[in-house]
Amino acid sequence: HLLYNTDTIYIDSKIKEPLSIVLTPKTHLLKETQVTARAPLMKLDDNTLSYNAQIIKDGRAVTNAYEIVKEVPGVMEINGSLSLAGSEKLNIIVNGQTTTMTLAQVTNMLKSMPASNIQSVDVMYNPESRYNVKGTLINVVLTKKTAVYPLLTGELSASYRQAFYASNSDRLSLSYNKNKVSIDLFGNINFGKDWNKNASQSIHQLKNRSLLINETLTNTSDFFNSDFRLGLNYKTSKTGNLAFSYYFDNNKKNSENFAINNYFDGVDYNINSLNHRKNRNQLHNMFLQYTTKDIKVGIDYTFYKDPIDQHYSDEQDGIPRLDYLNNSTQEISKWSAFFDYSTKPFNDMKINYGFISGYNNSDTEVRYSFKNGNIYEEDKEIRVEGQQNDYTVTPYIDLSYKFNDKLTASASAKVEYFKSDYNHNGNKTTLWNDWTVFPKASISYTQSSRNIFQLNISSDKNYPSFWSINPQVTDLNSYSQIVGNPHLKPSKTYRGQLMYIRDRKCFIIGYIQYTPDYFIQLPHMSDDELKTIYRFENYDYLLRSGLTLVTSLRKGTFYNSRITLQGIMSREKMDNFYDSSFDNVSYTGVVMLNNSFTFSKNILLQIDGLYQSKSRQGVYKLGEVWKLSSKLRWTINKDIQLIAEYNNILRHEMPKPMKLEYNNQYKRTEYFEKSTFALTLTWRFGNYKAAKYAEVDRSRLGK
């Protein structure tokens, strides 16, 4: 028979039993047909680049939301700070909430959120005014719950990290969902010990002589950090939702900074100093928001308290020289209210308008008590008592129009009124009192489904932190101190950017940015005394332009790589820097390579490298950066995962060397770095996908 294999059967005539003949089917029958395709990593939604977090999680060894953000093309991490290609200032928010923290504080929050949280990462080079951010924006979108979501789900993660000392990080996340009510709870504990060391050599020019100073700094610290969040959501109608959250963050740190300073000045001498600091900062945040299809209205309140106790002492050639206590407290209350209305008068047009208003109050107190015999007596003449009150209101309007399937354009205008009053030891002044208009525009052209052009033009304004304008003095050691600058001015930024995306995997980004009154902390060697003073200063302007190329390589399912090439030109100009000046033009190159090797369904190896060439930053000359790290992910089963990390393999993540060089003054610093090994075990139960919540606005808080 055509559909069966031919067979030969020999029959024994003596057997009388019935004969059973079984034919075997042939194997040439058609098999089941299956069509496979790889989902795109990125898609364009109006002027937003949306990256699929699931694809990132499948191809990289990530454990938390912060690590997913690092995997977005164009995002780079250098010295623990994130940056986005084509942008000077990066902001990160969660689920589009208008309240934000500083970038460093948001990244700490993201590190406590499990990677299973994340649905997508949206990149906006020119975000709408309703987000109330200055600069570019990354919006981390969390996974939405469904009607069939399990009643109780959760995730437990434990990490052990070994560098010079050991540290631990433990996270628990729980989610309860029933009918219209959902309750979310997460807690994170991080504790251990840190160590760092650096050595420097300085040539210090005084008015009448020049000195050579050798300095060795060693810092050890014990820390205990914990945060806790409770979120409640109630679905009032099909499109309405009421959300409330309370967030508490507590950080404790005891550190000892031991400095050895050798002075060579004819008669050579040594000054050894010990700086013992205790930090106990707390943050409380309450957030309430009501949303419908068209309206978003809410209020946010944050209270922050940061008491610091410092005991500083030093001795010269074994003889006590200085011994004092420096006690400071900063208390900040921040209120903000917002309203946003969205409408579509036509199918292809969208209009958003609303306002954001706020009030901030900062109370700062700094006291100095010097040792007199066996007791410490306060010097009330140098006591600092400062109070700053900020009032702001920002109405805005955003307009976007889709001309056709290929062309989309948007424009927005934001008007900001900002007033800040400052009271220093009873002397009242007005720091800033002005109106500012911020226009923005974006155009996106989709050449095809895989090729996109985007042009962005924007402007914004940045304000200094509360602490940086207080006229306080903090000794780091016998040779270095931090000083506040009450004359610091806010800075404005004007930015233009052109981006081309080819085949959804090759990005070319060119940009130029002009920032008058750009502020940054810079050191200055005093010509009156042997002190290096670190203080925030205003440039005349910062002009920066750059070109970035990001592309991907893939070989089947085994090898996946992403290459980032970046060239940057910077010009920093300051005509009056302590009776001197600088006008620096520098060129910097960055090469980043991310590699993933999938050996099996359960085993993935990740090896990443980064190189940054020499660069300049104000009066600093920064050496090269070499970064090499690795991860090995073992997926034990669908709920349990183990990741081993070996980071800073080359021990060269800090610029080497780092030079302070200007006006015949010189300092060269070398850092002693250690590699880090870490193990992370994650257990997820109930198919856990944590719920969305609002980030806390910690901007301008802390030292």
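**Salt bridges and an open sheet in a predicted model**

Glutamate 378 and arginine 383 are joined through their side chains by a salt bridge with an N to O distance of 2.8 Å; the term denotes a side-chain nitrogen of Lys or Arg within 4 Å of a carboxyl oxygen of Asp or Glu. The structure is a predicted model, in which local features need pLDDT of at least 70 and side-chain atom pairs count only at pLDDT 80 or more, whereas totals for chains, interfaces and linings use all residues. Residues are numbered from 1 along each chain as its sequence is written, and side-chain values use heavy atoms, with hydrogens and water left out.

Glutamate 378 has a relative accessibility of 25% and is classed as partly exposed. In this classification, buried means under 20% relative accessible area, exposed means over 50%, and partly exposed lies in between (1.4 Å probe, protein chains only). Lysine 573 and aspartate 540 form another salt bridge, with their closest N and O atoms 3.9 Å apart. This pair links distant parts of the chain, 33 residues apart: lysine 573 belongs to strand S29 (residues 559–574), and aspartate 540 to the loop between strand S27 (532–538) and strand S28 (541–555). Strands (E, at least two residues) are DSSP runs, numbered from the N terminus. Lysine 573 is buried at 18% relative accessibility, while aspartate 540 is partly exposed at 30%. Through shared partners, salt bridges also connect Glu365, Arg367, Glu378, Arg383 and Glu385 into one network.

A further salt bridge is formed by aspartate 265 and arginine 209, whose closest N and O atoms are 3.0 Å apart. Aspartate 265 lies in the loop between strand S12 (241–264) and strand S13 (269–291), and arginine 209 in the loop between strand S10 (181–205) and strand S11 (210–234), so the contact ties together parts 56 residues apart in sequence. Aspartate 265 is partly exposed at 24% relative accessibility, as is arginine 209 at 35%. The count by the stated rule is 32 salt bridges.

An open sheet of mixed pairing is built from 4 strands in the order S22-S23-S27-S26, where two strands pair if DSSP finds at least two bridges between them. Strand S22 (473–475) and strand S26 (519–525) are the edge strands; each has a single partner strand, so one side of each lacks a neighbour in the sheet. From one strand to the next, the twist averages 30°, with axes taken as lines fitted to C-alpha atoms and angles running from 0 to 180 degrees between N-to-C directions. S26 and S27 are antiparallel and share 7 bridges. Proline 523 has tyrosine 534, in S27, as its bridge partner.
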